[in-house]
Amino acid sequence: MSGLPPGVARFVDAVQAAMPSTRALFRYWTETRRDGVPLRRTEIDPAALRDILPYLLLGDIETEPFRVLFRLIGTGVADFSRQDFSGQYLDELVYSARDSVSWTDCYRYVHDERIGLVGVNELNFADGRVTSYEFAILPLSRGEDPAGSFIAIEAYDDFDRLLIPDLNPVRRR
């Protein structure tokens, strides 16, 4: 992959994140790396991430063909997406009426470059209003692939939960 997807940056320092939850995830990810290699998805300690668990996504990145499998999404992500898409592949979801980010491009970049991303996703409401939230995607090891899994966060720290019903939902194809 040649360049970063629009609206995102390589995540190399916690100060790049505006949201406390994103910084907390980055610090955990950085502190748990061994010789520069990230943890495996199965080694994540939920107790260490207790305060941000509702906003986390865990999954695998498959390369042939390229697909992203969401193994588990937090309850906050399910609420904001207006569905629980745990066990679904990214290409089975329709999010273009809601999100500004090309998620496939982001996950492909994380896998190919083996580095995390941080960015802002604009959310479209059914009535045309727009708001945004910060997100980060960080690679995790799987088998011999140092970026075959991921941990991600959708940081809704400042989002008014009463607005959720007005958001365009993520839909299944």
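**The cavity**

Reply: The largest cavity in this predicted model has a volume of about 160 Å³.

Me: What makes it a cavity and not a pocket?

Reply: A 1.4 Å probe fits at its points but cannot get out, so it is called a cavity; a pocket would be an open set. The count comes to 1 cavity of 30 Å³ or more.

Me: Which residues line the largest cavity, and which lie nearest its centre?

Reply: The lining has 18 residues. Nearest the centre lie Leu-57, Phe-70, Phe-85, Trp-103 and Glu-154. Two or more lining residues come from each of α3 (103-113), β7 (130-142) and β8 (145-155).

Me: How do the lining residues divide into nonpolar, polar and charged?

Reply: The lining of the largest cavity holds 14 nonpolar residues, 1 polar and 3 charged. Glu counts as charged and Leu, Phe and Trp as nonpolar.

Me: Why is Ser-149 called buried?

Reply: Buried means under 20% relative accessible area. Ser-149 has 1% relative accessibility, so it counts as buried. Ser-149 sits in strand β8. Beyond four places in sequence, its contacts include Arg-41, Gly-59, Asp-60 and Ile-61, as well as Leu-138 and Pro-139.

Me: And why does Gly-148 count as buried?

Reply: Relative accessibility is 0% for Gly-148, therefore it counts as buried. Gly-148 is also placed in strand β8. It touches Asp-60, Ile-61, His-111, Leu-140 and Arg-142, with residues up to four places away left out.

Me: How far apart are Gly-148 and Ile-164, in sequence and in space?

Reply: They are 16 residues apart in sequence. From C-alpha to C-alpha, the distance is 32 Å.

**The nonpolar cores**

Me: What makes a set of residues a nonpolar core?

Reply: Its members are buried nonpolar residues joined through side-chain atoms within 4.5 Å. The largest such core has 34 residues. Leu-57, Phe-70, Trp-103, Tyr-107, Phe-135, Ile-137 and Phe-150 have the most contacts inside it. At least two residues each come from β2 (56-63), β3 (66-73), α2 (75-81), α3, β6 (117-124), β7 and β8. α3 gives the most, with 5 residues.

Me: Which residues does Tyr-107 contact, leaving aside neighbours within four places in sequence?

Reply: Tyr-107 is in contact with Ile-61, Phe-66, Val-68, Phe-70, Leu-90, Ile-137, Phe-150 and Ala-152.

Me: How many residues are in the second, separate core?

Reply: That core has 19 residues, among them Leu-25, Leu-39, Ile-52 and Ile-153.

Conventions:
Residues numbered from 1 in each chain as written. Predicted model: local features only at pLDDT ≥ 70, side-chain atom pairs only at ≥ 80, totals over all residues. Heavy atoms only, no water. 1 Å grid on protein atoms, 1.4 Å probe; cavity = no way out; pocket = protein on both sides within 12 Å on 5 of 7 lines; lining within 4 Å. Points joined across faces, edges and corners; volume = space filled by probe spheres on them. Helix = DSSP H or I, 4+ residues; strand = E, 2+ residues; numbered from the N terminus. Buried < 20%, exposed > 50% of the residue type's maximum accessible area, 1.4 Å probe, protein only. Contact = heavy atoms within 4.5 Å.
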